[in-house]
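Me: I am new to this structure. Please show me how to read a few of its features.

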Amino acid sequence: MAISVFDFFSIGIGPSSSHTVGPMRAAQFFANRLKEDGLLSQTASVRVELFGSLGATGRGHATPKAVLLGLEGHSPSTIDPDVADADVARIRRTKRLRLLGTEIGDTHEIPFDEPTQLILHMRRALPYHANAMTLFAYDRDGIPLLEKTYYSVGGGFVVDEDSVCADPDNDDTTQLAYPFHTGAQLLKFARETGLSISSLMLENEKAWRSEEEIRAGLLEIWKVMQECITRGLNREGILPGGLEVRRRAATSARQLRAEGDPMMHRTEWTTIYAMAVNEENAAGGRVVTAPTNGAAGVLPAVLSHYVNFVPGADEEGIIRFLLTAGAIGMLIKENASLSGAEVGCQGEVGSACSMAAGAFAEAIGGTPEQVENAAEIGMEHNLGLTCDPVGGLVQIPCIERNGMAAVKAVTAARMAMRGDGSHKVSLDDVIKTMKETGADMSVKYKETARGGLAVNLTEC
């Protein structure tokens with residue numbers, strides 16, 4: 001199935017793409033399906049059941065909040081985080097839900113008792129994916145009107161039960177200039193055409209948009225990333241959720257500014273940029289899913305490193321960076337996973353590190369072979385990374401982990417640029433290994449908060 005870079009880098013709210021953005025979209029899909037089938041006015045009640053990782057860590061990831069907002073018609077890309085909190089507070093206070101309440105003329109208010117109608121199954125899972133949710137609608141006599149199961153498969157992407165068994169190639173008629181499914185195919189196109197990886201991606205993106213629209217859209221994504229960093233560098237206090245985690249990016253930034261020349265501290269700045277984004281994400285702020293919310297700080301941090309610390313950095317480099325990151329992310333999504341609930345954090349922060357490494361190499365003039373090598377290094381040294389969020393919150397170790405991965409991505413790119421692009425382990429090899437490692441990983445290390453730091457942190 002052809003995926004656009006704009007599907008990949010979507011604007012949403014924190015703290016999680018798979019547990020917040022995906023469930024909000026799924027709930028919105030369900031409410032819209034009721035409308036499309038002419039069932040909205042007949043609906044007297046709804047029930048939602050969350051399974052697998054959505055049930056196990058849903059509360060810490062704000063999944064119930066996301067479901068309520070989605071049923072009311074909110075979209076992750078447009079919702080105001082402040083409005084979101086107020087709407088959820090109203091639903092819980094009044095025990096009334098406005099189905100598609102954001103659409104004028106379509107509002108249909110029903111009773112909703114969250115403790116009995118939004119069920120989190122802590123240890124039940126559905127077969128297809130660890131992030132599953134089933135929604136039910138009933139008429140006033142309790143007769144079922146609609147039942148749909150959705151899977152939040154990582155990065156905010158959602159598939160429904162009908163899509164699970166379908167062949168996407170039969171339904172997708174999008175004609176790409178350079179359709180690739182592996183890193184080897186991508187390099188083959190580059191050799192045959194003489195085009196860079198970002199140029200190949202640009203040609204593919206023209207299947208959906210004009211070049212002018214693509215460039216403007218990518219710069220808008222960068223603008224949102226910058227705004228998120230700026231907010232994170234200027235906000236202090238305690239993050240929500242009960243762990244009493246204090247924001248550190250703003251304090252660290254003040255200290256670095258006082259120490260003088262930013263070039264002398266560029267590694268620390270890169271770390272802080274990533275932490276600023278993930279502190280915003282943990283607070284439920286607006287972020288760019290890149291490729292997930294839990295790993296949303298890595299690409300903005302490395303792109304900021306490029307803009308602030310690489311002589312000659314320009315808008316063209318920003319565009320090349322994002323296009324290349326998208327190409328690498330698509331390879332990982334198609335051949336492995338972006339979901340921490342499926343393969344651990346190697347699929348989230350590991351993927352982001354790989355994408356950022358290859359993208360940075362592209363932006364600073366790397367050959368396609370050097371770009372592929374950088375992406376391979378970035379992923380290789382995140383293999384086996386577990387997803388074990390303390391308290392089910394995207395805070396410990398997630399915030400620091402983004403900072404470490406951003407620095408690792410820059411280092412990986414610099415290593416690749418010192419070589420000619422030839423290496424023993426290919427990007428395809430390491431992606432395959434990541435998938436196999438995730439399959440072998442115990443479920444307690446895959447975003448269930450039942451292993452690792454999630455259970456070994458000593459409470460004070």
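This is a predicted model: local features need pLDDT of at least 70, side-chain atom pairs count only at pLDDT 80 or more; totals for chains, interfaces and linings use all residues.

Me: Where is Gln370 found, and is Gln370 buried or exposed?

Reply: Gln370 is found in helix 18, residues 368-380. Its relative accessible area is 9%, under the 20% cut-off, so Gln370 counts as buried. Beyond its sequence neighbours up to four places away, Gln370 touches Ala361, Ala416, Met417, Gly419, Asp420 and Gly421.

Me: How does Arg320 count by accessibility?

Reply: Arg320 counts as partly exposed because its relative accessibility is 22%. Arg320 lies in helix 15, residues 315-335. Leaving aside neighbours within four places in sequence, its contacts are Ser198, Glu362 and Ala363.

Me: What describes a pair of aromatic rings?

Reply: The distance of the centres and the angle of the planes describe such a pair. Here the count comes to 7 aromatic pairs. One of them joins Phe8 and Phe9 edge-to-face, 6.0 Å centre to centre with 85 degrees between the planes. Both Phe8 and Phe9 are buried. Tyr128 and Tyr151 also pair edge-to-face, at 4.9 Å and 70 degrees.

Me: Why does the pair of Tyr128 and Tyr151 tie together parts that are apart in sequence?

Reply: Tyr128 lies in the loop between strand 5 (118-120) and strand 6 (131-138), and Tyr151 lies in strand 7 (residues 144-154), so the pair ties together parts 23 residues apart in sequence. Tyr128 is partly exposed at 41% relative accessible area. Tyr151 is buried at 8%.

Me: Which residue lies over the face of Phe157?

Reply: Lys333 does, at 4.2 Å from the ring centre. Ring pairs also link Phe157 with Phe8 and Phe9 into a cluster.

Technical notes
Residues are numbered from 1 along each chain as its sequence is written. Side-chain values use heavy atoms; hydrogens and water are left out. Helices (H or I, at least four residues) and strands (E, at least two) are DSSP runs, numbered from the N terminus. Buried means under 20% relative accessible area, exposed over 50%, partly exposed in between (1.4 Å probe, protein chains only). Contact means heavy atoms within 4.5 Å. Rings of Phe, Tyr and Trp (its six-membered ring) pair if their centres lie within 6.5 Å; planes under 30 degrees apart count as stacked, over 60 as edge-to-face and the rest as tilted. A charge sits over a ring if NZ of Lys or CZ of Arg is within 6 Å of the ring centre and within 35 degrees of the ring normal.
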